[in-house]
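Thanks for sending this one over. Here are my notes, in numbered points, for you to read alongside the coordinates.

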Amino acid sequence: MTKIDIISGFLGAGKTTLIKKLLSEAFTGEQVVLIENEFGEIGIDGGFLKESGIEIREMNSGCICCSLVGDFGKSLREVVDTYHPDRILIEPSGVGKLSDVIKAVQDVQAEIDAELNSFTTVVDVTKCRIYRKNFGEFFSNQIEYAGAVILSRTDKAKPEKVEEAVALLRELNDKAPFITTPIAQLPGKKILETMESSKSLEEELLAEVICPECGGHHEHGECCDHDHDHHHDHEHHDHDHEGHDHHHDHDHEGHDHHHDHEHHDGCCDHDHHHHDHAGHHHADEVFTSWGRETIHTYTKEQIAEILKQLESDSSYGNVLRAKGMVAGADGEWIYFDMVPEEHEVRNGAPEYTGRICVIGAELNEEKLAELFGVA
């Protein structure tokens with residue numbers, strides 16, 4: 001089955017740079033076909049891509065998402081039937097609507113041996129405000145329908161400019177992951193994983209604190225009469241490629257998510273009597289989660305001090321878990337993990353953006369935001 005990935009974005013946003021990186025680092029060993037359409041202009045950097053052994057079907061006679069929808073389906077069939085590629089990259093016109101491109105693929109994928117895999121928009125962080133003003137719905141549509149948003153030139157823009165751009169774009173899409181780390185600092189496979197949708201920190205932490213067998217919560221170090229596999233599957237989630245419903249249930253704005261779970265003292269008996277016949281939990285404890293994405297930088301010492309505060313000061317709430325990956329002031333990335341009376345701070349690989357998540361009961365959102373400096 002051929003995977004189809006759409007990479008959209010306005011002219012000059014950095015799509016070519018992204019495609020080159022994916023070809024050299026993420027798609028190695030795959031046969032890749034690029035379908036490229038720049039609204040009547042000569043195909044972008046065709047020489048480089050042809051030298052890489054990539055077959056190119058340039059469609060320069062019109063726009064993929066308007067006048068060429070019919071021909072596009074025919075071209076897609078030809079590419080699949082002729083080359084049987086592992087992956088097709090579609091780079092639509094910079095002034096097209098992403099929703100139209102998604103629909104064009106959906107309309108023909110049932111008839112060919114291919115499926116829509118991801119749809120990503122690249123945005124120049126220094127131009128998003130003026131583009132939104134000047135190009136209106138064309139710009140907004142590319143953001144609204146993106147499964148992932150990659151911000152380019154974040155290494156050249158001031159932090160406040162990046163934060164302003166993220167806030168503006170979040171108004172249009174509050175579900176998709178936003179890659180704010182410069183892509184030169186990220187491995188291509190990490191970028192692809194994010195494009196294809198990675199788990200939110202909230203999902204990961206809830207998987208750790210909620211027993212998958214009995215649905216209960218066990219304190220750190222408690223035993224249970226069955227094997228727990230708390231190693232998380234970081235493989236990619238399936239997308240529901242019908243417009244907005246991308247299943248990226250991220251808590252990007254720091255809002256509380258309430259999760260009803262039954263608390264158990266000691267080990268599980270596994271009779272599962274704590275569920276009624278309708279499958280509902282009889283909860284006597286409500287967990288909430290608070291999370292933020294941030295480009296803020298920290299030192300290891302600052303993070304360690306924050307975790308000590310969470311452990312010792314009950315005014316932040318009853319903190320059950322805290323976890324995050326944030327940019328370090330020295331250029332390294334800092335990973336932290338906290339359970340009651342125990343925490344770890346270490347260096348790790350660059351993440352697509354800084355992410356923080358806290359899970360517990362009666363969390364004080366404002367104080368947490370202030371503590372992490374993201375108020």
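1. Starting with the surface: the protein chain exposes about 17,400 Å², and carbon and sulfur atoms supply 46% of that area. Please keep in mind that this is a predicted model.

2. Turning to the overall make-up, the protein chain holds 10 helices and 15 strands. Of its 375 residues, 52% are buried.

3. Which residues of α9 are buried? They are Ile303, Ala304, Ile306, Leu307 and Leu310. These residues cover an arc of only 160° around the axis, which puts them on the same side of α9.

4. What covers that buried side? The cover for the buried residues of α9 includes the strands β11 (297–298), β12 (318–328), β13 (333–339) and β14 (342–348), along with helix α10 (365–371). On the face turned away from the buried side, α9 carries the exposed residues Glu301 and Ser312.

5. Now for the charged pairs. Side chains of opposite charge can pair when their charged atoms come close. A search of the whole structure finds 19 salt bridges. One of them links Lys190 with Glu193, with the closest N and O atoms 3.2 Å apart. Both residues lie in helix α7 (residues 188–195), 3 residues apart, about one turn of the helix. Buried or exposed? Lys190 counts as buried because its relative accessibility is 15%, and Glu193 is buried too, with a relative accessible area of 17%.

6. Lys190 has a further partner: its side chain meets that of Glu351 in a salt bridge (2.8 Å, N to O). Glu351 lies in the loop between β14 and β15 (354–361) and Lys190 in helix α7, so the pair ties together parts that are 161 residues apart in sequence. Both Glu351 and Lys190 are buried.

7. Glu351 also forms a salt bridge with Arg355, at 3.4 Å from N to O. Arg355 is buried, as is Glu351.

Key:
Residues are numbered from 1 along each chain as its sequence is written. This is a predicted model: local features need pLDDT of at least 70, side-chain atom pairs count only at pLDDT 80 or more; totals for chains, interfaces and linings use all residues. Side-chain values use heavy atoms; hydrogens and water are left out. Buried means under 20% relative accessible area, exposed over 50%, partly exposed in between (1.4 Å probe, protein chains only). Helices (H or I, at least four residues) and strands (E, at least two) are DSSP runs, numbered from the N terminus. The arc is that of the directions from the helix axis to the C-beta atoms. Contact means heavy atoms within 4.5 Å. Accessible areas come from the Shrake-Rupley method with a 1.4 Å probe; for residues, only the protein chains shown count as cover. A salt bridge is a side-chain nitrogen of Lys or Arg within 4 Å of a carboxyl oxygen of Asp or Glu.
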